[in-house]
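Try each task before you read its solution.

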Amino acid sequence: MRNIWITLAYEGTAYSGFQRQENGITVQEILETALQKLTGTKTTLYFVARTDAGVHACGQECTFYTRSSIPGNRFIYALNILLPPDIRIIQSRDMDENFSVRRQNFGKTYGYLLTENKEASPFLKRYLWQTGRKLDIQKMEAAARVIQGTHDFTSFRGNNSVPSDPVRTLYDIRIIKKDHLYRIFVTGEGFLYHMVRNIAGALVDAGAGILTPKDIEDILCKKDRRLLGITAPAEGLCLLKVYFEPVTPEGIEKTVHGNCYPWSI
């Protein structure tokens with residue numbers, strides 16, 4: 001039995017998230033169907049991030065076991081023939097049978113794209129939050145400094161999330177404004193359900209003067225999601241990078257300046 005590692009990108013608008021579910025078409029279902037057609041055997045994908053409905057990815061990481069004789073570096077071509085154009089394999093390779101993308105990663109970077117404007121170019125509408133708010137980036141950065149670090153993020157987890165340790169470490173949060181677009185990059189060891197979208201919502205509230213850094217400190221301490229504002233829309237969020245070596249400032253910088261337009265600089 002061979003262990004194949006694939007890296008993929010997808011435009012998440014048409015899908016009910018990555019993870020297979022009963023009600024709604026998901027990226028995992030599409031991929032597993034393609035793999036069954038290709039290999040003749042039902043195959044299970046193991047993956048890093050369960051992105052939500054409408055969320056995108058430039059660097060989702062998965063593995064699967066197969067007895068297929070297709071060379072590991074050729075799955076990229078064989079699968080892309082079978083996949084819809086909004087899902088692309090960008091790398092495939094053979095790995096040791098014990099390799100796990102879940103257990104052996106060191107963290108992830110998500111990007112979130114938003115604008116102060118109420119309207120946006122039709123070529124960007126699927127990929128950003130049109131907040132309609134005047135934002136102060138210095139206030140957003142002050143709020144980000146409070147959120148960064150190791151905290152109990154109960155107040156930032158989504159409703160109906162599966163039980164898990166709410167203590168997470170965020171290595172870096174940066175906000176970059178270019179023209180009318182704001183890009184938020186959040187890098188951490190792991191994330192709770194809706195956590196990045198709730199962080200984006202809190203930063204927008206901070207930029208609009210609704211929340212202060214002290215408010216956010218209090219919300220973190222009280223561990224009550226009801227004290228936080230709205231969850232930012234799914235369409236602005238993209239999984240940019242999963243790290244398989246220790247996360248460094250240089251690695252984050254490379255991700256921020258990567259090739260995942262419109263999220264990268």
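Buried means under 20% relative accessible area, exposed means over 50%, and partly exposed is in between (1.4 Å probe, protein chains only). You're looking at a predicted model, where local features need pLDDT of at least 70, side-chain atom pairs count only at pLDDT 80 or more, and totals for chains, interfaces and linings use all residues. Residues are numbered from 1 along each chain as its sequence is written, and side-chain values use heavy atoms, with hydrogens and water left out.

**Exercise 1.** Find the disulfide and say which parts of the chain the pair ties together.

*Solution.* Start with the rule: a disulfide is a pair of cysteine sulfur atoms within 2.5 Å. Searching the whole structure turns up 1 disulfide. Its partners are C58 and C260, with sulfur atoms 1.6 Å apart. C58 is in strand 3 (residues 56-66) and C260 is in the segment after helix 6 (249-256), so the link joins parts 202 residues apart in sequence.

**Exercise 2.** Classify the ring pairs F18 with F47 and F153 with F156.

*Solution.* Here's the rule: rings of Phe, Tyr and Trp (its six-membered ring) pair if their centres lie within 6.5 Å; planes under 30 degrees apart are stacked, over 60 edge-to-face, and the rest tilted. For F18 and F47, the centres are 4.8 Å apart and the planes are at 55°, so this pair is tilted. F18 is in the loop between strand 1 (2-10) and helix 1 (27-39), and F47 is in strand 2 (residues 46-47), 29 residues apart. Now take F153 and F156: with 5.9 Å centre to centre and 80° between the planes, they are edge-to-face. F153 is buried at 0% relative accessibility, and F156 is buried at 0% too.

**Exercise 3.** Which ring does the charged end of R93 sit over?

*Solution.* The test is that NZ of Lys or CZ of Arg is within 6 Å of the ring centre and within 35 degrees of the ring normal. The charged end of R93 sits over the ring of W5, 3.6 Å from its centre. W5 also forms one aromatic cluster with F99 and F244.

Technical notes: Helix = DSSP H or I, 4+ residues; strand = E, 2+ residues; numbered from the N terminus.
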